[in-house]
Amino acid sequence: MAEVVLGVAGGIASYKAAELLRLFTESGHSVRVVPTESSLHFVGAATWEALSGKPVQVGVFEHVDEVAHVRIGQGADLVLVAPATANILAKAAHGLADDLLTNTLLTARCPVMFAPAMHTEMWENAATQANVATLRARGHVVIEPAVGRLTGVDTGKGRLPAPAEIFAAALDVLAGRAQDLAGRHVVVSAGGTREFLDPVRYLGNRSSGRQGFALAAAAVSRGARVTVVAANVSLPRPAGVDVVDVVSTEELRQQVHRAAADADAVVMAAAPADFRPADVVGAKIKKTADGVAPEIRLVENPDILVELVTARTSKRPVIVGFAAETGDASASVIEHARAKLARKGCDLLVVNDVSGGQVFGQDDNEAVLLGADGSVEQFPRGPKGELAHQIWDAVVHRLD
Ligand code: C5P
């Protein structure tokens, strides 16, 4: 079990760190809480001592004989600052060391993760963004704040993600994933699009978004800034990810292209509809008295993956497609997939055999990763999160 340092900075969200602490301790980890002076205005040291079962110290001049300012950081397996204020991000980015937490950040040899929480203006301020970029470039994990209700009546980006989400992301970081996507922006599309026929009916598909969300969570744990373009996904959002919700293939297309403009990698895990109704009628289509069903004419949607490949001028971004395939009399699943990879022109194709529909909505997946360079990697049946990491391994390899 891990030695975790939980840094708590002075924001109203610090009360949520108490639940985060419980999640760690209840799963057997040992947690040492290091609050900043100002955070004690929100949650007192007694709370942290009671919940962690360990003494709490803020400055470096108490118990000097224990050399806590060096020991705590040296002995940690993970330093997690949640909530991280604009102030602690700035101090960490510049290497200041005027209290126990900032000293600990400088002595830590283990992964360091920040879960920022602040008002939108502070988060978007150029100084904060520059500090976040500096920390990420050094290999620290800075997860994106969530969007929602902030202190008072305002809403916007800057909320601390739910403790359970931060905990899940922290476990992934603790699992020792290399921070090999630090400083990178990756885009993942997830879910299945809907093409409306009339105000109530649509053509859809069975994609749940699970694999896309697993890719997003895995990329966060490897230090990436992550944008997910999510088509009709009803799953809990992974912590630290920018989620853009869309419904139709056309919306997905616009948002993927927008996000891809500065991306290092784009993974098209979504299932966009290949066809849409030629006409969308404004009123619900009624049954006719003579019982004749309406004919629905379809037109083809643009292939976003092919557009991404066509639009790029260099080897960036690395582009990954997914292929749900079934074998038939003319060719095997892999033969069909090879032909598709050549047609689409992407760098990698993740191939699922969907004969029998066994992939959709499940926690597990089984796939083959085909590379444009001729490589073939098997992923035997296993959790979608593990497949996600194998896909990022292959992407990182192509980024270098
Ligand atoms: O041709 P097929 O639909 O099997 O290709 C699947 C891959 O192409 C997936 O990565 C999917 O996200 C992408 N795709 C796309 N635009 C479409 C249809 C599929 O980008 N209109």
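**Close-up views of a predicted model**

Ile296 is partly exposed, at a relative accessible area of 46%. Here buried means under 20% relative accessible area, exposed over 50%, and partly exposed in between (1.4 Å probe, protein chains only). The model is predicted: local features need pLDDT of at least 70, side-chain atom pairs count only at pLDDT 80 or more, and totals for chains, interfaces and linings use all residues. Residues are numbered from 1 along each chain as its sequence is written, and side-chain values use heavy atoms, with hydrogens and water left out.

**View A. A nonpolar patch around Ile296**. Ile296 lies in the loop between β14 (275-277) and β15 (298-300). Helices (H or I, at least four residues) and strands (E, at least two) are DSSP runs, numbered from the N terminus. Patches take residues with over 30% relative accessible area and no salt bridge; like charges are joined within 9 Å, nonpolar side chains (Val, Leu, Ile, Met, Phe, Trp, Tyr) within 5 Å.

**View B. An open sheet of five parallel strands**. The strand order is β2-β1-β3-β4-β5. β2 (30-35) and β5 (141-142) are the edge strands, each pairing on one side only. Strands pair if DSSP finds at least two bridges between them. β1 (residues 3-8) runs parallel to β2, and six bridges join the two. Within this pair, Val4 stands opposite Val31 of β2.

**View C. Helix α1 against the sheet**. α1 (residues 16-26) packs on the sheet and touches β1, β2 and β3 (78-84). Contact means heavy atoms within 4.5 Å. The direction of α1 makes about 155° with that of β3. Axes are lines fitted to C-alpha atoms, for helices over the stretch in contact; angles run from 0 to 180 degrees between N-to-C directions. Lys16, Ala17, Ala18, Leu20, Leu21 and Phe24 of α1 are buried. Their cover includes β1, β2, β3, α2 (45-52), β7 (155-159) and α8 (163-174). Just after the helix, Gly28 takes a positive phi of about 95°.

**View D. The Lys157-Asp242 salt bridge**. The two side chains meet at 2.5 Å, N to O. The pair links distant parts of the chain: Lys157 is in β7 and Asp242 in β12 (residues 242-246), 85 residues apart. A salt bridge puts a side-chain nitrogen of Lys or Arg within 4 Å of a carboxyl oxygen of Asp or Glu. Lys157 is buried, at 14% relative accessible area. Asp242 is partly exposed, at 21%. The structure holds 20 salt bridges.

**View E. The Asp98-Lys91 salt bridge**. The side chains meet at 3.0 Å, N to O. Asp98 is exposed, at 53% relative accessible area. Lys91 counts as buried, at 12%.

**View F. The Arg381-Glu366 salt bridge**. The N to O distance is 3.5 Å. Arg381 sits in β19 (residues 376-383) and Glu366 in β18 (residues 364-371). The pair links distant parts of the chain, 15 residues apart. Arg381 is partly exposed, at 42% relative accessible area. Glu366 is also partly exposed, at 42%.

Conventions
Areas by Shrake-Rupley, 256 points an atom, 1.4 Å probe, with all protein chains shown as cover.
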